[in-house]
Amino acid sequence: MDNNKLGRFLRELRGDESLRSVADRSNGTLSHGYISTAEKGVGTNKAPYVPSPEKLRAFSKVYNVSYDKLMKLAGYSEVTPDWADDGDIVDLEKMLESNIQMTYGGEELTNSEKQRVRDVLTAIFWEKTHKERDGNAK
């Protein structure tokens, strides 16, 4: 896992925007101090620091970047092939949140059905993340 690669990417995404401005845009999910720590990739105890998947989700939303890409850079996921770029990746969460018409088996999904799909996917990925974490802890 290369914390500096993730940190450099987060810093690049921020550009000239101030830490406080990004924190404000996160609606309280990220503090300016947390953003700085994540960009440095080093915690206050000088140990390597990797943001949690929940915090990576917040960064994904603030910077409008693929959550999967951030998870991969953080070392949580190797799902995205190296050849893929952001244009090749479809974020199911963003797709389900969009207003595009979706069908399954020729039947259009209602907003309620989209929410049920979102709930199932959340449960699947929550289990996967915790299994991977538990496996890495052993």
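Helices H4 and H5 are oblique to each other, where angles under 35 degrees count as roughly parallel, over 145 as roughly antiparallel, 65 to 115 as roughly perpendicular and the rest as oblique. In this predicted model, local features need pLDDT of at least 70, side-chain atom pairs count only at pLDDT 80 or more, and totals for chains, interfaces and linings use all residues. Residues are numbered from 1 along each chain as its sequence is written, and side-chain values use heavy atoms, with hydrogens and water left out.

H4 spans residues 53-63 and H5 residues 67-74; the two pack at an angle of about 135°, and their axes are 9 Å apart. Axes are lines fitted to C-alpha atoms, for helices over the stretch in contact, and angles run from 0 to 180 degrees between N-to-C directions. The crossing of the pair is right-handed, a crossing being left-handed if the near helix is turned anticlockwise from the far one by less than a right angle, and right-handed if clockwise. On the H4 side, Pro53, Leu56, Arg57, Phe59 and Ser60 meet Tyr67, Leu70, Met71 and Ala74 of H5. The residues of this contact divide into seven nonpolar, one polar and one charged (Ala, Val, Leu, Ile, Met, Phe, Trp, Tyr, Cys and Pro count as nonpolar, Asp, Glu, Lys and Arg as charged, and the others, Gly among them, as polar).

Serine 60, in helix H4, has a relative accessibility of 3% and therefore counts as buried (under 20% relative accessible area; exposed is over 50% and partly exposed in between, with a 1.4 Å probe and protein chains only). Apart from its neighbours within four places in sequence, serine 60 is in contact (heavy atoms within 4.5 Å) with Val65, Ser66, Tyr67 and Leu70.

Arginine 14 lies in helix H1, residues 3-14. This residue is also buried, at a relative accessible area of 11%. Its contacts, leaving aside neighbours within four places in sequence, are Leu19, Val22, Ile35, Glu39 and Tyr63. Ile35 and Glu39 are among the buried residues of helix H3 (residues 32-40), together with Tyr34, Ser36 and Ala38. Just after H3, glycine 41 takes a positive phi of about 75°.

The protein chain as a whole has seven helices and two strands, which are DSSP runs numbered from the N terminus (helices H or I, at least four residues; strands E, at least two). Along the sequence the pattern is α-α-α-α-α-α-β-β-α. Of the 138 residues, 31% are buried.
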